[in-house]
Amino acid sequence: MDRRIIELYDEYAHAPLERRVFLDRLAALAGGTAAAALLLPLLEIGRAEAAVVSPDDPRIAAASVSYPGKSGAVQGYLAKPASGSGFGAVLVIHENRGLNAHIEDVARRLAVAGFVALAPDLLSVAGGTPADEDKARDMIQKLYRPTAVADAVAG
């Protein structure tokens, strides 16, 4: 695949680039709208389908949780080995798209590796991570950083 297309998708996925602008640029690079439509499934992998460790994996116990933070109740995702004790702990901090299926999978992978992993939803103060990644990116930019850090530390 043309490197310019990969770089364009990376800009769309990690920077505030509107979907319409992304699609217009992709069509220009691909040679038309039809070609861009054929490329989209290759670029936009489904994070839930790409999960490495299923939420139902018998090696782990995973669930949504809530804990008290500086901003109030912080929602999160907790994954730990299904049996045993004395585990190390890892705090999984999400990217600018919030607590999504990919971050939950990272927590499950850590549980399989023998850790207790907590992934707080730092957007809890704003109602939680929305399904729309563009909205999540906007919400992340509006967080008051010291409160978000305190919410994570409380985890």
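Is Tyr 12 buried or exposed? Tyr 12 is buried, because its relative accessible area is 10% (buried means under 20%, exposed over 50%, partly exposed in between, with a 1.4 Å probe and protein chains only). Keep in mind that this is a predicted model, where local features need pLDDT of at least 70, side-chain atom pairs count only at pLDDT 80 or more, and totals for chains, interfaces and linings use all residues. Residues are numbered from 1 along each chain as its sequence is written, and side-chain values use heavy atoms, leaving out hydrogens and water.

**Ring pairs**
- Searching the whole structure turns up 3 aromatic pairs (rings of Phe, Tyr and Trp, the last by its six-membered ring, pair if their centres lie within 6.5 Å; planes under 30 degrees apart are stacked, over 60 edge-to-face, the rest tilted).
- One of them is Tyr 9 with Phe 22, an edge-to-face pair at 5.9 Å centre to centre and 65° between the planes.
- That pair links distant parts of the chain, with Tyr 9 in helix 1 (residues 3–14) and Phe 22 in helix 2 (residues 19–30), 13 residues apart (helices, H or I, are DSSP runs of at least four residues, numbered from the N terminus).
- Tyr 12 and Phe 22 are stacked, because their ring centres are 4.4 Å apart and their planes sit at 15°.
- This pair also links distant parts of the chain: Tyr 12 is in helix 1 and Phe 22 in helix 2, 10 residues apart.

**The cluster and its surroundings**
- Ring pairs join Tyr 9, Tyr 12 and Phe 22 into a cluster.
- Tyr 9 counts as buried at 18% relative accessibility, and Phe 22 counts as buried at 0%.
- Arg 137 lies over the face of Tyr 12, 5.9 Å from the ring centre (a charge sits over a ring if NZ of Lys or CZ of Arg is within 6 Å of the ring centre and within 35 degrees of the ring normal).

Notes: Helix = DSSP H or I, 4+ residues; strand = E, 2+ residues; numbered from the N terminus.
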